[in-house]
Amino acid sequence: MDRSDQQKPIPRSKAWLLRVAIVLGLLVIGLAIFTRHRQPPASAEPSARNVTIQDQAGRTVTMPAPPRRIVAIPMPAASMLIAVDGDSRRLVGMHAQAKEAMNEGLLAQIFPSVSRIATDVVGSGFMPNVEELLETRPDLVFQWGERGDDIVAPLVKLGLPVAVLRYGSEADVEAWLAIMGQATGNEGRVKQMLRWRRSAQTEVADAVRQTPGRRPRTLYFLRYLSGLQVAGSNTYNDFYIGMAGGGNAAAAISGYKTVNAEQVLAWDPEVILLNNFETELDPEDVYNHPLLSTTTAARERRIYKIPLGGYRWDPPSQESPLMWQWLAMVLHPGQVSFPLRARVAEAYRLLYNYEPSSAEIDDILRTSVNRRAANYGVFSR
Amino acid sequence: MNVHEVQLTGSSAKSPKRSERLSLFWCVGLALLACLATLSLTLGRLGIPVSSVVGILLDNLVALEPSWSEAEERVVELIRVPRILLATIAGAGLAVAGASLQGIFRNPLVSSDIIGVSAGAAFGGALAILLFDNSLITVGMAFAFGLVAIAIVSLAARSGGRTPVLMIVLAGVVTGAFFMALVSLITYIADPEDQLPAIVYWLLGSFASADYQKVLTVAVPTILGAGVIYLMRYRINILSLGDEDAAALGLNVEQARWIVLVAVALITASTVAVAGVIGWVGLVVPHVARMIVGPDHRVLIPASALIGAGYLLLIDDLARSVSAVEIPLGVLTALIGAPLFVWLLRRTQAAGWGGA
C-alpha cells in the first residue's frame with residue numbers, strides 16, 4: 001500500500017468488497033485445514049508388515065511397520081523397553097526421572113547413548129509436551145492409562161499410535177512386557193522374562209513358607225525427606241512385602257499417603273525400606289531422627305535403602321524378581337538365602353547382555369550406604 | 001457507621017454489667033483454652049495414658065521414676081508440645097491480623113489473604129523448596145517475600161501521597177494474584193516426583209513438622225505484630241469510623257494504617273513460613289469474637305486472639321488424630337469455616353456489622 005492510498009479514504013463500496021474478500025479467504029483457509037485434519041491418519045491403511053497390539057485400555061493399536069522410534073512416558077516403561085529389546089536404540093523419549101535413574105544406576109554405563117535421549121517430551125503430571133514429542137518423530141508412544149484421558153487425548157488427536165499401560169499389580173507388569181514384546185517383535189525374549197518372573201515368585205514364596213515365626217512389620221517410605229509418605233494396601237510395594245514374607249505396617253490405609261511421625265511410632269515397624277526417588281535419602285537420616293530412631297527397626301538397625309540397578313527396584317521393573325529375592329533375605333536373615341550376586345549377574349546377561357563387575361554389583365545392592373545395616377554382610381562377596 | 005458510633009460510645013462509658021460480662025468471658029475463655037491444651041497433649045495416633053503424659057511433663061521439674069517409654073517421652077515433648085504451641089500462637093496471630101484488617105478496612109470480608117501477604121509468603125516458600133531444600137531457608141524466604149508483597153502493595157496503592165482504602169484492597173488483590181501465578185509457575189517447573197509433593201504439601205498447610213525452632217520462628221514476629229496491633233487498638237477504633245472522620249478527629253490516617261498493615265504482614269508471613277497458607281481463621285474468628293464481645297477493638301483484639309488460639313488448636317487436634325493419614329489443615333479450616341461463616345453472617349445481620 002503506497003502513500004497516496006493511505007491518504008485517500010477507500011470508497012465505501014470498495015471497503016465492503018475488501019471485507020467480504022477477507023472473510024471468504026479466511027473461510028477457505030479454515031475449511032482447508034479442517035478437511036486436511038478430517039482425513040484419517042495414513043497409518044491405518046492395511047499392509048503386509050502391519051503390527052497390531054492391544055493396549056491395557058482394550059484398544060487396538062495398528063502400526064504400518066514395527067516401530068523403530070518409541071517414546072515411553074511411564075517411568076518404568078523406558079528401562080523396561082530397553083530390557084525387552086536388549087538394546088536402547090528404539091527409545092527416543094522418556095520421563096526425566098526415568099533418565100535420572102539410568103544415570104544413577106547402571107543403565108547409562110551399559111548403554112551410553114541413553115544420555116542423549118530426549119526427556120522434554122513429558123511435563124509435570126505425565127502431561128505430554130506434544131510439540132517436543134513430535135520432534136522425536138515417534139512410531140509408538142507408551143502412556144499411563146489410569147490417570148485420566150487428559151494425558152492421552154492430545155497424543156491420540158495427533159494421530160500418533162498410543163498404547164496405554166495401567167499401573168498396579170504384577171499381572172499389569174506382565175501385560176506391559178507382553179505389549180512391548182509384541183510391538184518390538186521380541187516375543188521370545190519376553191516369554192523368557194515372564195518365565196523368570198513366575199519361577200522367582202514361586203521360589204521366594206516357597207522359601208518364605210518354610211520360615212518359622214511371624215512376618216516382620218515392614219514399612220516402605222515413598223517419600224521421607226518431604227513429608228512421610230508410606231505405601232498402604234493396593235500398592236505394588238504391598239504386593240512384594242507380602243510375597244517376601246513381611247506384613248505391611250501401613251496395610252490399614254490404601255495407596256500412598258502422608259502420615260505423621262507419631263503414626264509411624266504407633267505402627268512401630270521392624271523393617272524400614274527407603275525409596276530411590278529421593279537421591280539424597282540415607283538410612284542415617286532415620287537413625288538420626290529424634291522420633292523414628294526409637295522404632296524397633298532403627299534399634300535393631302534394620303533400615304535399608306532399596307537397591308537400584310537398571311531401574312529403581314522399589315517400583316515395578318524388569319528386575320523385580322531380584323527385588324523379591326533381596327527383600328525375602330532382608331526380612332528373614334539366616335533363614336532365607338539366595339546366591340543374589342550370581343542371580344544379578346545372570347539377570348543382567350539375560351536383560352542387557354552385560355556382564356556386571358563385582359564392584360558394579362556392590363553399587364546395585366548399595367552395600368556402601370547399607371553397610372551399617374543388620375546382616376547386610378550376606379550381600380557382600 | 002452510625003451503629004459503630006453508638007456502640008463505641010456505649011462501650012467507652014463502661015456499664016458495670018458489661019464489664020462483668022467481659023470478665024466472665026475472659027475467665028471462661030482462658031480456662032477453656034488451658035483445658036483444651038492439656039487435653040490436646042493426650043490426643044494422638046500413639047495411645048499414651050494420661051498419667052504418663054503428666055509424668056513426662058513433671059519429669060522436667062522433678063526427677064521421676066519413668067513408667068513410660070523413651071518413644072512416648074519424645075512424642076510428647078518433641079511433637080505434641082511444640083505442635084500445640086505452634087497451633088495456638090498461629091491461630092491467635094491470624095485472628096488478630098484478621099480482626100485489625102476488618103477494622104481498618106471497615107469490611108467484614110477482609111483477611112490477610114486479601115492484601116497479598118499470604119500469596120507473597122507462599123511464593124517465597126515454594127521458591128525456596130524449589131531451589132534450596134532447606135527448611136531454614138524456606139522459612140526465611142517466605143518471610144522475606146511476605147514483606148516484599150506488602151511493599152509492592154504500598155507502592156502500587158499510593159497516589160498523590162495518599163493511599164485510599166479501595167486502592168489498598170485492589171493493589172492487594174492484584175499483588176496476591178500475581179504471586180499466586182508465580183506459585184503456579186513454580187509447581188509447573190518443579191520436579192513432579194521430588195519437589196512437587198513437598199511444595200503442594202507445604203502450601204496446603206500443616207503443623208506436622210513442628211519443632212521448637214519453628215515455635216520460635218512464629219512466636220517472635222507474632223508477639224511483636226500482635227503487640228503493635230494491641231497498642232494501636234484505639235487508633236483502629238478511630239480508623240473504623242472511616243478515613244474522613246478519623247482525619248477530622250486528628251489522626252494521622254496514613255501512618256496509623258501502614259503501621260497496622262506491616263504488623264499484619266509480620267504475623268501472616270511468619271505463619272505461612274512455618275505452616276503454609278492457613279485460610280479462614282482470620283476471616284471467621286473475628287466475627288465470632290465480635291458476636292461475643294462487640295466491635296470495640298480494645299476488647300475485640302485480645303478476644304480474637306483467645307478464640308483464634310482455641311479454634312486452630314481444635315482443628316489441628318482433628319487433623320493429626322482423626323485418621324492414620326494426616327488431614328491438611330487448609331482443608332479442615334475451609335470445611336468448618338465456610339458453613340460457620342454463613343451461619344454467623346445470617347445471625348449477625350442485624351447487629352455488629354449490620355450497619356456498615
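**Cysteines, a pocket and a strand in a predicted model**

Me: Why is B:Cys27 called exposed?

Reply: The relative accessible area of B:Cys27 is 53%. Exposed means over 50%, so B:Cys27 falls in that class.

Me: How do you know which residues belong to the lining of the largest pocket, and how much space lies in that pocket?

Reply: A lining residue has an atom within 4 Å of a pocket point. There are 40 such residues, and the closest to the centre are A:Leu225, A:Gly227, B:Ser135, B:Ser209 and B:Lys214. The space in the largest pocket is about 1200 Å³.

Me: Which elements give two or more residues to that lining?

Reply: From chain A the element is β10 (256–259). From chain B they are α4 (70–105), α6 (135–157), α8 (195–204), α9 (212–231) and α12 (253–275).

Me: How does the lining of the largest pocket divide into nonpolar, polar and charged residues?

Reply: The lining has 22 nonpolar residues, 13 polar ones and five charged ones. Gly counts as polar here.

Me: Why is strand β7 of chain A described as largely enclosed by the rest of the structure?

Reply: Strand β7 (residues 217–223) of chain A has seven residues, and six of them are buried, so the strand is largely enclosed. Buried means under 20% relative accessible area.

Me: What makes β9(A) and β11(A) parallel partners of β7(A)?

Reply: Pairing takes at least two bridges. Strand β9 (residues 247–248) of chain A is joined to β7(A) by two bridges and runs parallel, with A:Arg217 opposite A:Gly247. Strand β11 (residues 271–274) of chain A pairs with β7(A) over four bridges, also in the parallel sense, and A:Leu219 stands opposite A:Ile272.

Me: What is the sense of the pairing between β7(A) and β8(A), and which residue of their hairpin takes a positive phi?

Reply: Strand β8 (residues 228–231) of chain A pairs with β7(A) over two bridges in the antiparallel sense. A:Arg223 stands opposite A:Gln229. Four residues lie between the two strands of the hairpin, and A:Gly227 takes a positive phi near 80°.

Technical notes. Residues numbered from 1 in each chain as written. Chains lettered and ligands numbered in written order. Predicted model: local features only at pLDDT ≥ 70, side-chain atom pairs only at ≥ 80, totals over all residues. Heavy atoms only, no water. Buried < 20%, exposed > 50% of the residue type's maximum accessible area, 1.4 Å probe, protein only. 1 Å grid on protein atoms, 1.4 Å probe; cavity = no way out; pocket = protein on both sides within 12 Å on 5 of 7 lines; lining within 4 Å. Points joined across faces, edges and corners; volume = space filled by probe spheres on them.
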